[in-house]
Amino acid sequence: MANLQQPGKKKIKVTKNVDGHPVEEEIEVDDTGGPSWGPRAAHTLLNTELPRVDGPVKVTGRAVYSQDVRLPGMLYARVLVSPFPVATVELDLDAARKSPGVGAVIDLEVKGVKWLGQPVAAVAADTPERADDALRALAPKWKPGKWAVTREQALAANAPQVGRKGNLGKESSKGERAETEAAMQGAAAVVEAVYSVPVQHHVCLETHGVTVDFSGGDSAKVYASTQATFSIPGDAARELGLKASAVEGIVQYMGGGFGSKFGLGFEGQLACQLSKQAGKPVHLLLTRPVEFTSGGNRSGVHVSMKGAIRADGTLVALVSEAERFGGIGEAARHPQPYIYEFEKSFASSVSVLTHTDSSRAMRAPGHPQASFAMESLIDELCAKAGLDPLEVRKKNLKHEAYQRQLTRVAQEIGWNAHPNKTAPGKPEGRWCTGIGFGVSVWGGGGHPECEVEVRIERDGSVSSAVGSQDLGTGVRTYVASIVAEELGLPLGGVEARIGSSRLGQANGSGGSTTTGSLAPAVKSAAWNARTKFAEHLAQALGSDPAQIRFAAGSVEDQKSGRKLSFAQACAMLPQEGLTAKGEWVAELAGNGIQGAQAAKVRVDPLTGKVEVLKLVCVQNCGLPINRLTLRSQIAGGMVQALSYGLLEERVIDPDLGLALNANLEDYKVAGPLEIGEIVALIDDEDTREQAIGVAEATVIPGHSAIANAVFNACGARVRDMPLTPDKVLAALGRV
Amino acid sequence: MKAFKLHNPTDLESALALLDTPEARSGATRVLAGGQDLLTEMKEHLAEPDALVNLKHIPGLDQVHAGADGSLEIGALCTLAALEEHAEVAQRLPALAQAAGVVASAQIRSQATLGGNLNQRPRCWYFRSEHAPCLKKGGTECFSYGGMSKYNAILGGGPSYIVHPSDLAPALVALGASAEIVSAKGSRTVALEKYFTLPSESDVKRETVLQPGEILRRVLVPAPAANTRSSYTKFREKGSFDFALASVALALVLEGGTIRSSRVVLGGVAPIPWRSKAAEAALEGGQPSRALFEKAAAASVRGAEALAHNGYKVPLAKGLVIRALEELCA
């Protein structure tokens, strides 16, 4: 029975995204010919620099985000969340109901709060201010209990219990510990160290939420700030008591998700419930403090590592024991050894539960944390053994892409002329300059889920439609550009329609799977449209479809030499125009990408000030669908890594249980003045003619490279992110 | 926020009359200038006044007068942006212009005023959290003592460990400025150095000598002595929109290669702008050198006592004093 396969079919492995986490599965696809992306040099729009089609409306404020939707009679909602990790609460619901302008009040009847930021009630009123007042009228009487919000509290002997089975999740491990330890004998250097990354936040510019357009009746529209348009109708319909088909999910523009916005969420559920109760539209976008405590976080990690290196630079053995902090939920995995090849390794990992909100996927879940520990350890091993960290990296990375990428970033950052190669600089003088490196890996493959429709009208208009959201990755632009290129049109010749569950199915944007899943379906629809159009024209012109060429806004019958403008050709279509659909084609998508990054920093040894002078990234990704957006996405990942490397950390008072920096003053995010020169380079030696998503890879190694650069500059090894001046001064022995 | 009555007087006498009532003296009426701190306090229910007296309709309160003798009178309603761009301020009082230029963000500087900057409340995250009933809010405990104290005081702390958040205050103290305070009863002038109060020496719920019913009308800055140089150096984790982890305001008279007199005032490390007479003494009569700067830096933090998470502020403040002296004496 093995390998029973249909003729013309083949089995392939694809990556699906489950709430932002990649999951592999095997599927069967057609093993037949079809469209190909064609030679790299022949593109007219793809692989060029195209400004986003929605750039102007976004930067001028004309794009209407879910946050911006205003409807007649609409109520504004606020959610009451617990300021304490464990508590009971009494609410004055009557007072809230009587508060001026209130249209709905919901008591979630929480018997006992189990996490800091847990929602307990919601109100909706005719103005945002009155909603605030109504929330206050609830006059919550909190009775705080006993909690565990830190590692120490959660692991203490008499710790308050968080999970049903205690405060530890299921431990996983691979490798033989004793064998691995034994392999370290005789190594040139052995380093043992603990590395930690705090819980951090997504800090989406647009907070989580929806605007529900429902006033009773039998249908609704839900404007959602989500990464998964098609998750909205079913979930919202359940709350509203409607059929899923009666609810439209709309995501025209969305202000960032980074993995934190899958599904309707508690905020969307409450908005629907409030709308149903009031019989009016409801606008519920979380306030910034609630966004911080209750809108998701990236899990932290505390990892003990022991590694060994030979004098020739071979990485011999690694023992890694990770505790991960994902609040009341399982934290992101901690893959070790991360990317680098060790001869022997043992890695264990366990979630430590705390009374805080569950972590959510965040851009490359688990990878930036693993990168920080691994890249730091490698540099420590190099320093101890007196080896060049660039050469050691190259020696222990299997994939050939890393060899050329590391060479290129080293060249761009100025490593050859840099003095501190095998030992760090001394903490002396006005500024100490250092360089550090890191590498990344990701899948970025696609899977069959998207359905794209291309329409060509008799008047020459062309549209390309699919329900997909544009998370900020340039979807709207390539939904048009792929079709435009196929039909020989300029980008403006095709209208992209996206962001509605009434349009063709699309996958959620997570795990960098959007481009790998959607771009092939768009290409397929475009190819089908062109093929159909050519067949129709050939018939009308008495030619052969293979002789019909679409280029530069014209259509040429190469058989007769007759040339028509695109509009003239369209006029030859029947009254109803032409419609073509497209689905995923395995050959158009790829999987597996690599990147290397380098950082140059300067450190003031007297104050611990770290300034990032330059960050360089070389990233491969198969076919660059849009080089401008791609470079922008690489730069975005680098900036995000810089920000959490230098600044970002959630702070909770262990005794009071209060979130101390649930605002953008105290939760510090990098601004323009922190961001040095950013050099985002596309690795054009990757000539795969395949669409691959690139978002996650770009965010993985930047902070690791910065941490290594700080050490390289002045010998300050900071093992606990972020690299704030207090830690740099402590690492220099000055505190 | 709680609903309040807004008064918009158009002359100072009317404003003072509105503040000369038993309610106002009890603190239920507050003075509104740029509103950059007060309104955020009100939004977070840290302040819940019944009435606000808006000073922005009173002509003249934002004026800067340059005296023929080189002194400056700066109206309390002068915005930080105006101060930063004022030609005479930049020329005579570089420390003040520099301090004004590094407050918060450009948007805030265009609204925020000199008076508001000097009278703003602490940024301590316990003070700003409604659920932490700290000493400053009438509670019995300073939670930063034994708590998450990274941004709290290393000098002059106890029983409260806030740091004064103003950038202008250290600069103005270094420049020897004084504050003109008016009320319905008259006016008084207080050296700015005495304007700010330590939690141990007066009401722990206040940071200044300004009483309910009083308005800070203007700040008077004397003409700097000949050969005076001044600067304000702020250290923050972010390059914009961040409060100081530590800062240093310097005013030196440097003549013939010798420091004849000096003022050294630290910000971000104490509940008040922290003038270090020990550092001044270390500098005076000396010739600029790294050794001299290190001596002054060590003296500037004399008596520092770190809490659990702010020990780094000692080397940071010292490092900053050295860097600031290096630049100013260059």
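Me: How far apart are the centres of domain 1 and domain 2 of chain A?
Reply: The centres of domain 1 of chain A and domain 2 of chain A are 38 Å apart, taken over C-alpha atoms. Keep in mind that this is a predicted model.

Me: And how many residues from each side make the contact?
Reply: Domain 1 of chain A gives 16 residues and domain 2 of chain A gives 18 residues.

Me: What kinds of residues are on the domain 1 side?
Reply: On the side of domain 1 of chain A that touches domain 2 of chain A, twelve are polar, two are nonpolar and two are charged.

Me: Which stretches make up the domains of chain A?
Reply: Domain 1 is 11–51 + 447–586. Domain 2 is 66–145 + 208–285. Domain 3 is 366–444 + 590–731.

Me: What about the two chains? How many residues of each are in contact?
Reply: 23 residues of chain A are in contact with 24 residues of chain B. The chain A side divides into twelve nonpolar, five polar and six charged residues.

Me: Switching to helices. How many residues does H12(A) have, and what does it span?
Reply: Helix H12 of chain A covers residues 475–486, which is twelve residues. From first C-alpha to last it reaches 17 Å, close to the 16 Å expected at 1.5 Å a residue.

Me: How many of its residues are buried?
Reply: Twelve of the twelve residues of H12(A) are buried, so the helix is largely enclosed by the rest of the structure. Among them are Arg476(A), Tyr478(A), Glu485(A) and Glu486(A).

Me: Which residue with a positive phi follows H12(A)?
Reply: Gly488(A), with phi near 70°.

Me: Where does Ala104(B) sit?
Reply: Ala104(B) is in the loop between H6 and helix H7 (106–111) of chain B. Its phi is positive, about 40°, although it is not a glycine. Most residues other than glycine have a negative phi.

Me: Why is Ala104(B) called partly exposed?
Reply: Because 18 other C-beta atoms lie within 10 Å of Ala104(B), and partly exposed falls between 12 or fewer for exposed and 20 or more for buried.

Me: What about His45(B), buried or exposed?
Reply: His45(B) is exposed, with 11 other C-beta atoms within 10 Å. Its phi is positive too, near 60°. The residue lies in the loop between helix H3 (38–43) and strand S3 (51–54) of chain B.

Me: Strand S3(B) again. In what order do the strands of its sheet run?
Reply: The order is S1-S3-S2 in chain B. The sheet is open, has three strands and pairs in parallel. Its edge strands are S1 (5–7) and S2 (29–32) of chain B, each pairing on one side only. Neighbouring strands are turned by 25° against each other on average, direction ignored.

Me: Over how many bridges do S2(B) and S3(B) pair?
Reply: They pair over four bridges. In one of them, Thr29(B) has Ala51(B) in S3(B) as its partner.

Me: Which helix packs on that sheet?
Reply: Helix H1 of chain B, residues 12–19, touching S1, S2 and S3 of chain B. Its direction makes about 160° with that of S3(B).

Me: Last topic, cis peptide bonds. Which residues does the one at Pro337(A) join?
Reply: Gln336(A) and Pro337(A), with omega about -5°. Pro337(A) is in the loop between strands S15 (315–325) and S16 (344–351) of chain A. The bond from Met721(A) to Pro722(A) is cis as well, with omega near -10°. Pro722(A) lies in the loop between helices H16 (702–714) and H17 (725–731) of chain A.

Notes: Residues numbered from 1 in each chain as written. Chains lettered and ligands numbered in written order. Predicted model: local features only at pLDDT ≥ 70, side-chain atom pairs only at ≥ 80, totals over all residues. Domains from an automatic or database assignment. Contact = placed C-beta atoms within 7 Å. Nonpolar A, V, L, I, M, F, W, Y, C, P; charged D, E, K, R; others polar. Helix = DSSP H or I, 4+ residues; strand = E, 2+ residues; numbered from the N terminus. Expected span 1.5 Å × (residues − 1). Pairing = 2+ DSSP bridges. Axes fitted to C-alpha atoms, helices over the stretch in contact; angles between N-to-C directions.
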